[in-house]
Structures are given as structure tokens and as C-alpha cells.
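This briefing covers helix packing and a few individual residues. The sequence and structure come first, followed by notes grouped by topic.

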Amino acid sequence: MTEEYNALMANNTWQLVLPPPNANIIGCHWVYKVKQRSDGSIEYFKARLVAQGYSQQYGLDYDQTFSPMVKPVTIRTVIALAASKEIAILLLYVDDILLTASSSSLLRSLIQSIKSEFAMNDLGLINYFLYQFKYIQDLLRRANLLFSKSVSTPLSSKTLLHTSDSPPFSNPTLYRSLVGGLQYLTFTRPDIAFIVNQVSQFMHTPLEVHYTVVKRILHYLNGSLSHGLFIRGGSMDQLTCYSDADWAGCPTTRRSTSAYCLFLGANLISWSSKK
């Protein structure tokens, strides 16, 4: 807390002024977090002083909200361009900065330029980014499958998801938690995009058969922890798209399942598989 407060004061984060009349004064509070390494061990403890924005009232203290969101395809496209050209990428999240560049000399030059303007600690090489080894292990631990056997495919060809011949799953909250985690994992795992889309259709009232499929996905991930996207350099002057559709393939709704994958050069940057 002392280090955080001193850093705020050194950067002149605020100025003390008299409050305007009839204003809703927003307070602040401390938030504590444990920063973990990729293997789950503790790296350091963090303390942050944040505003109590939840004390504001809509229509009185504000009338608009703004939450910038970056689409995954944008991130993958920028990284692919950085791998093929002499450019650097700076990603900023609150007070954390991630830097990457197409060459070590360019990266060192960028770090020195930032240090000349701001107080910054260089934490060295990042342990993992877009590589979700620990994230998958957390999902496996949540489902009590951390030491389970692996399978070679995320879905069996004999599985019937659209069926009523199955009892309700006893823990719908666990089902929603695991499927929500799998949805995030498709950010770098196109191999599970189709089946995750399928199990996501039963979030409201999951059955035992649906949870069995979720467990199979987790068994598959347990045997493919190191899988991910490989982004390479080279020409980026060609955009290629492949698509397919299963016409009226759903036995319940008779809706079609469409899918596509989009390549920028040799790099896969976008994909989808859904009804």
C-alpha cells in the first residue's frame, strides 16, 4: 500500500480542490490481489487504490457509459502483422503494459523511450500470453478432472445432445461455470469451437448427457495442454476464407450449422462454428 500511494503521489495523480456545491463526492477504497505465475505459485501481492464508481446514480452523476472492448480477431490480426513487419505493439491494461516487437533491438529502443518519460519497472519476458496452460488446469481442477485420462477428440460421433432421454444435471451452476470458461478458451483453440457452441445451447437447463460432453471436452484439453495458435511471419497480402455448412443438420430444430475460418497470409485470425 505504501508503494502504491507513493507512486500515485510521485505521478501527481490528483489535485486537492474544494468540492463543488451539491455534488455527490465519490470515495475510494483499496483492492488487494495476489499475482500468480504461470505455474500457480505466488509472484507478488498487489494493492490498488480505486474509485467507488458504484456509488454513482444514473441520471444524476452520469448519463453515458463507455467500455472499450477489443475483439479477439483484432488482437490476432495485429500480432500477425507485427510478426511480418518491423513494428512494435503496446498493450495497456490499467497500470500493466505488454510490449512486443518484431526484433529485439526495436523492443529495447521502445522500452528505453518509455522509461525516459514514465517511471516503469521492466519485469522481463512474459511467462504466458495467449497460451492458456494454467487456465485449462484451473478448469480441470474446478471439475475435479485434473488427473483424469485424456482422449484424442473433443466429441464422440455417437453423442446425441438434443435428447430428452436424460435426467437433469444436479449442478447447473457448475455446468454454466465450466462452459463459460470453455467459451473464453476458444480465443486460441479453434479445435473446440464447434462443440463448445453446442454445449452452450443448454445453459438454462443442462442434462446429465450435456455435462458428460463437457467432461469429454475437458478430457481432450487435458491431453492437449500445449496446443495453441502459431503465428508466423511472411507475406500478409492475401486474405483467404474457407466456409462450410451442415444443411438442416439439427435433428430438433432443423437449423443449419455454418462454419468459416479466415486466414491473413498463413495465419489463422478468425473462425466460427454455430447454428
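G181 is found in helix α5, where helices (H or I, at least four residues) and strands (E, at least two) are DSSP runs numbered from the N terminus. With a relative accessible area of 6%, G181 is buried; buried means under 20% relative accessible area, exposed over 50%, and partly exposed in between (1.4 Å probe, protein chains only). The model is a predicted one, in which local features need pLDDT of at least 70, side-chain atom pairs count only at pLDDT 80 or more, and totals for chains, interfaces and linings use all residues. Residues are numbered from 1 along each chain as its sequence is written, and side-chain values use heavy atoms, with hydrogens and water left out.

**G181 and its surroundings**

- Not counting residues up to four places away in sequence, G181 touches Y135 and L139, contact being heavy atoms within 4.5 Å.
- G181 and D138 are 43 residues apart in sequence, while their C-alpha atoms are 9.6 Å apart in space.

**Helix α5**

- Helix α5 covers residues 172-185, which makes 14 residues.
- From its first C-alpha to its last, α5 reaches 20 Å, close to the 20 Å expected at 1.5 Å a residue; the expected span is 1.5 Å times one less than the number of residues.
- The buried residues of α5 are L174, Y175, L178, V179, G181, L182 and L185.
- Seen down the axis of α5, these buried residues fall within an arc of 155°, so they line one face of the helix; the arc is that of the directions from the helix axis to the C-beta atoms.
- An α-helix has 3.6 residues a turn, so residues three or four places apart point the same way.
- The cover over the buried residues of α5 includes α4 (133-142), α6 (193-199) and α7 (208-222).

**α5 against α4**

- Two packed helices are described by the angle between their axes and the distance between the axes.
- The axes of α4 and α5 come within 11 Å and cross at roughly 165°; axes are lines fitted to C-alpha atoms, for helices over the stretch in contact, and angles run from 0 to 180 degrees between N-to-C directions.
- α4 and α5 are therefore roughly antiparallel to each other (angles under 35 degrees count as roughly parallel, over 145 as roughly antiparallel, 65 to 115 as roughly perpendicular and the rest as oblique).
- The crossing of α4 and α5 is left-handed, a term used if the near helix is turned anticlockwise from the far one by less than a right angle, with right-handed used if clockwise.
- On the α4 side, Y135, I136, L139 and R142 make the contacts, and they meet L174, S177, L178, G181, L182, Y184 and L185 in α5.

**α5 against α7**

- The axes of α5 and α7 come within 11 Å and cross at roughly 40°.
- That angle makes α5 oblique to α7.
- α5 and α7 have a left-handed crossing.
- From α5, L174, Y175, L178, V179, L182 and L185 meet H210, Y211, V214, I217, L218 and L221 in α7.

**V214 and N222 in α7**

- V214 lies in helix α7 and counts as buried at 0% relative accessibility.
- Leaving aside neighbours within four places in sequence, V214 is in contact with Y175, L178, V179, L182 and V199.
- V214 and Y175 are 39 residues apart along the chain, and their C-alpha atoms are separated by 8.0 Å.
- N222 also has its place in α7 and is buried, with a relative accessible area of 16%.
- N222 touches L140, L145, L146, S148 and S150, not counting residues up to four places away in sequence.
- From N222 to V151 the C-alpha distance is 8.2 Å, at 71 residues apart in sequence.

**R176 in α5**

- R176 has its place in helix α5 and counts as partly exposed at 34% relative accessibility.
- R176 is in contact with M203 and H204, leaving aside neighbours within four places in sequence.

**N144 in the loop**

- N144 lies in the loop between α4 and α5 and counts as exposed at 69% relative accessibility.
- Most residues other than glycine have a negative phi, and most peptide bonds are trans.
- Phi of N144 is near 60°, a positive value in a residue other than glycine.
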